[in-house]
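Please read this briefing alongside the sequence and the three-dimensional view. It is arranged by topic.

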Amino acid sequence: MKFYFAILMYASLGSFQAAITKGDLSSEFTNSAALDEAEKLTLYWSVDWNARSISFAVEAQTTGWVGFGISTGRGQMIGADIVIGGVTDNGNQYFSDRYASSYSTPESDSSQDYKLISLTETDGKTTMKFERKFDTCDDKDNKIEEGTSKVIFAYNDADPTSSGAFLKHTYKGSRSVMLLNTGGKTTKLPANMSYLDILNNKTKVPGNKTVYWCSVFEIPRMEKKHHVVKVEPIVQKGHEGLVHHILVYECSYDFPTAFLNHSGHCYDRSTPEAIMRCAGQSTVAAWAIGGGSFYYPEHVGMKIGTDGTPRYIVMETHYDNPDKRTDFVDSSGLRFWYTEQTRMYDTGVIYAGWGVQHHMMIPPKQKEWKTIGYCAAPCTEKVSRLPFSALEKSPLQGHKIKIFAALLHTHYAGRKVHVHHIRNGKELKEIVYDNHYDFNFQEYQMLKEEVEVFPGDEFIVACTYDTEDRNQVTFGGLQTLDEMCLAFLMYYPSANFTKCASVSKDAANRFFSKYAWNGTHSIPFPPKIWTSEMTQDLRAAYDADLELKLRCKAAGNRGIQGVDKARKPRITSPYKPVESCLTTKSSANDVTLKTGRTGYLFVAVALVIIMRVVF
């Protein structure tokens, strides 16, 4: 039986961030990304965390000027931080740090913070090498942050006619990349690897806008433990836009084998109950659009093949089919590279945030609506109200675990995701964040420093949405136009702790009682017109909840264990980030969190200096 291993694994380098072995640049720089599908421009970069700077190289198929920029987050020209350079016909070099406030030639920055390393033109290509700080403290430069960066690029086949007189680009584009948390060079893999494929078998995709398709597999048993060290997506050619994400869930050991090889819809009336119990439970692995191959760090691996490892799994494939085409036949899936040369630790994955259900609502016409999901202490504490103790199986001192990678997940309206870490009321440094979330570019962030989590620690998953273009309420749910607020936290050593999420049914029901049910069930919901009063009431309902329903899960356990009344995590001592500049002009990205009886708490997060620059 072929094996598919999904754990929302977005490559440490995205689908356009796989290492490209061209010339000497691929050996000179740690990371690379083809910025366009035609591969006319390629970006190379290396990160110096000590100096807090990045060295770049842009290689373009042109003999004219080349431009590269870092946008304010949405890939727009206006607001981007830009460098333009090239080599003239007589061999003279030109290079400048620029910004723009309109769709015209970017203006020269009075503070030239991009430092030129070299400029060459050979064989019809221009290669521009330069470096800059993460944060230049210049209000015309955009800060380079952890998480997604939206870069822009352009070129013209002609050099400027005079100093600063650039002809309009003949080729341009934008691309999301992970500049900082890529994990560096790919891990060295053992020579004697084997692989298992878990693939859809010529699945005829239904003609619906959104399809969740579930297939059941049995993972072969092996004589001894093996470790998966690399997960590679196998997306059928021509289906790159169809296959949105793939997740693999573990089923319990008493899963009825009569359903092996089942393939069908995941969440409708025809789905067998046994499969429904698997889907959405313990996440084994996953991949999503924009991601590439995932390499485990050299000291960890995903164990397979023996007792205590997943045996029966369900692969859930999310097909995004907005044109409702009926001619797609798909055989996409994942390839798991494994070896008998096991590593020091086995890995696990924690599904954290707001449990996927319709009690999550986001009003229309909102620029920054925040939804908060919680992993509260009853799921992690040493003396738990649950029939299992989440971290007690960890052999590390204090029964701690260490998070080394994270995947953040929302749908189209998502703009930011932050995962906060609380210990005994004290907020620690954020585990992971993304201030420029891109639905079409979802990949794991490899954390620069592993995060220790002890029994009793808590997480807050805060998602920010933009629904300014929507006229109706957005619900939590599985459809592409529904929303989610999730974080998949990869950790070691495996403690069988797989899920810690919250729901706020009481808040939603109080809101429904006023606007939907009204005692007589006579008012339709959702209403045709959404009012500002409804927005205020919904916010107040969520914020007034001092308790929440908690959902916890351990691998192999049948079903999800719940705590119906768990208090919200309380932050009594907020984390204070170290400012990168002596003087700051703005403190963006404050996260407003309601923390029980203490009211609103504004948690300062990474300082972002928003500069005006254009491309």
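This is a predicted model: local features need pLDDT of at least 70, side-chain atom pairs count only at pLDDT 80 or more; totals for chains, interfaces and linings use all residues.

Residues are numbered from 1 along each chain as its sequence is written, and side-chain values use heavy atoms, with hydrogens and water left out. A search of the whole structure finds 23 aromatic pairs, and the structure also holds 19 salt bridges.

**Aromatic pairs**

- A pair of aromatic rings is described by the distance of the centres and the angle of the planes. Here, rings of Phe, Tyr and Trp (its six-membered ring) pair if their centres lie within 6.5 Å, and planes under 30 degrees apart count as stacked, over 60 as edge-to-face and the rest as tilted.
- Among the 23 aromatic pairs, tyrosine 155 and tyrosine 171 are stacked, at 5.4 Å centre to centre and with 25 degrees between the planes. This pair links distant parts of the chain, with tyrosine 155 in strand β10 (residues 149-155) and tyrosine 171 in strand β11 (residues 171-177), 16 residues apart; helices (H or I, at least four residues) and strands (E, at least two) are DSSP runs, numbered from the N terminus.
- Tyrosine 155 is buried, with a relative accessible area of 6%, where buried means under 20% relative accessible area, exposed over 50% and partly exposed in between (1.4 Å probe, protein chains only).
- Phenylalanine 294 and tyrosine 296 form an edge-to-face pair, with 5.2 Å from centre to centre and 85 degrees between the planes. Phenylalanine 294 counts as buried at 0% relative accessibility, and tyrosine 296 counts as buried at 0% as well.
- Phe56, Phe68, Phe95, Tyr114 and Phe130 are linked into a cluster by ring pairs.

**Charges over rings**

- The charged end of lysine 140 sits over the ring of tyrosine 99, 5.2 Å from its centre; the criterion is that NZ of Lys or CZ of Arg is within 6 Å of the ring centre and within 35 degrees of the ring normal.
- The charged end of arginine 539 sits over the ring of tryptophan 369, at 4.4 Å from the ring centre.

**Salt bridges**

- Side chains of opposite charge can pair when their charged atoms come close. A salt bridge is taken as a side-chain nitrogen of Lys or Arg within 4 Å of a carboxyl oxygen of Asp or Glu.
- Lysine 129 and glutamate 28 meet in a salt bridge through their side chains (2.9 Å, N to O), and the pair links distant parts of the chain, with lysine 129 in strand β9 (residues 125-133) and glutamate 28 in helix α1 (residues 25-28), 101 residues apart. Lysine 129 counts as buried at 16% relative accessibility, whereas glutamate 28 counts as partly exposed at 45%.
- Glutamate 340 and lysine 224 form a salt bridge (3.6 Å, N to O) that joins the loop between β23 (333-339) and β24 (345-346) to the loop between β14 (210-218) and β15 (226-234), the two residues being 116 residues apart. Glutamate 340 is partly exposed at 41% relative accessibility, and lysine 224 is partly exposed at 45%.
- Lysine 225 forms a salt bridge with aspartate 346, the closest N and O atoms being 3.1 Å apart; lysine 225 lies in the loop between β14 and β15 and aspartate 346 in strand β24, 121 residues apart. Salt bridges that share partners join Lys225, Lys303 and Asp346 into one network.
- Lysine 225 is partly exposed, with a relative accessible area of 29%, whereas aspartate 346 is buried, with 16%.

**An open sheet**

- Four strands form an open sheet in the order β27-β32-β29-β30, with antiparallel pairing; two strands pair if DSSP finds at least two bridges between them.
- β27 (369-375) and β30 (426-434) stand at the edges with a single partner strand each, so one side of each is left without a neighbour in the sheet.
- Seven bridges join β27 to strand β32 (residues 458-465), and these two run antiparallel. Lysine 370 stands opposite threonine 464 in β32.

**A buried loop residue**

- Phenylalanine 328 is found in the loop between β21 (312-320) and β22 (329-330), and is buried, with a relative accessible area of 9%.
- Not counting residues up to four places away in sequence, phenylalanine 328 touches Thr203, Lys204, Val205, His239, Leu242 and Asn321, where contact means heavy atoms within 4.5 Å.
- The C-alpha atoms of phenylalanine 328 and proline 206 are separated by 8.1 Å, although these residues are 122 residues apart along the chain.
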